[in-house]
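Q: Please take a close look at a single part of this model. Then relate that part to the rest of the chain.

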Amino acid sequence: MEGINLEKTVTEGFHHISVLPTALVEGLAPKPGGHYLDATVGAGGHSEKLLKLGIPLSLTMIDRDTQAIAAAVQRLEPLVTDREGITINTWHGNFADFPGRPDQFDGIIADLGVSSPQLDQGDRGFSFRHTAPLDMRMDQSQDLTAAEIINHWSEKDLARIFYEYGEERLSRRIARQIVEQRPFQTTTDLAEAIARWVPGKYRHGRIHPATRTFQGLRIAVNDELGSLETFIAQAPHWLKTGGKLGIISFHSLEDRIVKHRFREAENLRVLTKKPIIPGEEEQMENPRARSAKLRWAEKI
């Protein structure tokens, strides 16, 4: 396994409940001797489910977050030690940049959700439940942060990402106020300000009034939709004929891209006319699973 630091301080507290694990592994239909790619390994839940099948296989794991890869390796090590026919490799980076080879994999899976530890660890800046710097980088080595966007991008560009990526209908109002009152340094400062700027009925709605703005910021910081487009364009070429590509999305923007790109690809056959969603029991056990949608396609 390539160059991953397994210090306890890196992985401590990095726990995440994977969404639709059974549906994902059953749909992948792994075979002995196959080579599989977990393109967003997170804390390793889906890969763990795959390895627990007990069949010999090769597994390549990708993540933009070095903490996630370290946690996954630590979690999976007991399933690999002293077992013949199991090989694991890791690659740190954006799955859109992975140097895959033609006909390399028998199956590919990707879970597009933000890992629970990224949301729950206050210093990462993904959530306004904690006071933290405006960061939001999945890959801590990249330069662009949420603070750079909030404090330096134009009002027009801010309104665009809030509307297009966050689906925020008050995007122009929020962008105008940010430009007038910036700089902002922390997540809570920004979230509290947004709550003051919106109408009262909006402030007391089902979700916090800053939720959509923060979603738009996170997507922009990490170029999530652009990376997804690139990944879906490339991944079928990495598959062997008959290999399956399964992607779990968590909001309509992602699901729309997956749905249409699967349909448009000349080298893919869509296997799911409607997405697979978590059952009531899984949603109760893991509330963050409620918006998950799994779609499958097969290389032809």
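A: Within strand S7, Trp296 is the residue that stands opposite Gly246. The model is predicted: local features need pLDDT of at least 70 and side-chain atom pairs pLDDT 80 or more, while totals for chains, interfaces and linings use all residues. Residues are numbered from 1 along each chain as its sequence is written, and side-chain values use heavy atoms, without hydrogens or water.

Strand S7 covers residues 293-299. Helices (H or I, at least four residues) and strands (E, at least two) are DSSP runs numbered from the N terminus. One partner of S7 is strand S5 (residues 239-249), with which it pairs in the antiparallel sense over 6 bridges; pairing requires at least two DSSP bridges. The other pairing described here is with strand S6 (residues 268-270), which is joined to S7 by 3 bridges and also runs antiparallel to it.

Helix H9 (residues 187-197) has 8 buried residues out of 11. They are Thr187, Thr188, Leu190, Ala191, Ala193, Ile194, Ala195 and Trp197. These buried residues pack against helix H6 (146-152) and helix H8 (171-181), and also against helix H10 (200-203) and helix H11 (211-222).

The loops bring in the annotated positions. The unreviewed UniProt entry carries a "binding site" annotation for Gly44, Gly45, His46, Asp63, Phe95, Asp111 and Gln118; such annotations may be inferred rather than shown by experiment. Gly44 lies in the loop between strand S1 (34-38) and helix H3 (45-51). Because its relative accessibility is 0%, Gly44 counts as buried. Beyond its neighbours within four places in sequence, Gly44 is in contact (heavy atoms within 4.5 Å) with Ala72, Arg75 and Leu76.

Phe95, another of the annotated positions, is placed in the loop between strand S3 (86-92) and strand S4 (105-111). Phe95 is buried as well, with a relative accessible area of 8%. Residues up to four places away in sequence aside, Phe95 touches Ala39, Thr40, Ile62, Ala110, Leu112, Ser227, Leu228, Phe231 and Trp238.

Asp65 sits in the loop between strand S2 (57-63) and helix H4 (66-80), and it counts as buried at 2% relative accessibility. Between Asp65 and His92 there are 27 positions in sequence, yet their C-alpha atoms are 7.2 Å apart in space.

As for the whole protein, it has 14 helices and 7 strands. Buried residues account for 54% of its 300 residues. Of the contacts with a separation of 6 or more, 72% are between residues 24 or more positions apart. The C-alpha trace spans about 60 × 45 × 40 Å along its principal axes.

Definitions and conventions: Buried < 20%, exposed > 50% of the residue type's maximum accessible area, 1.4 Å probe, protein only.
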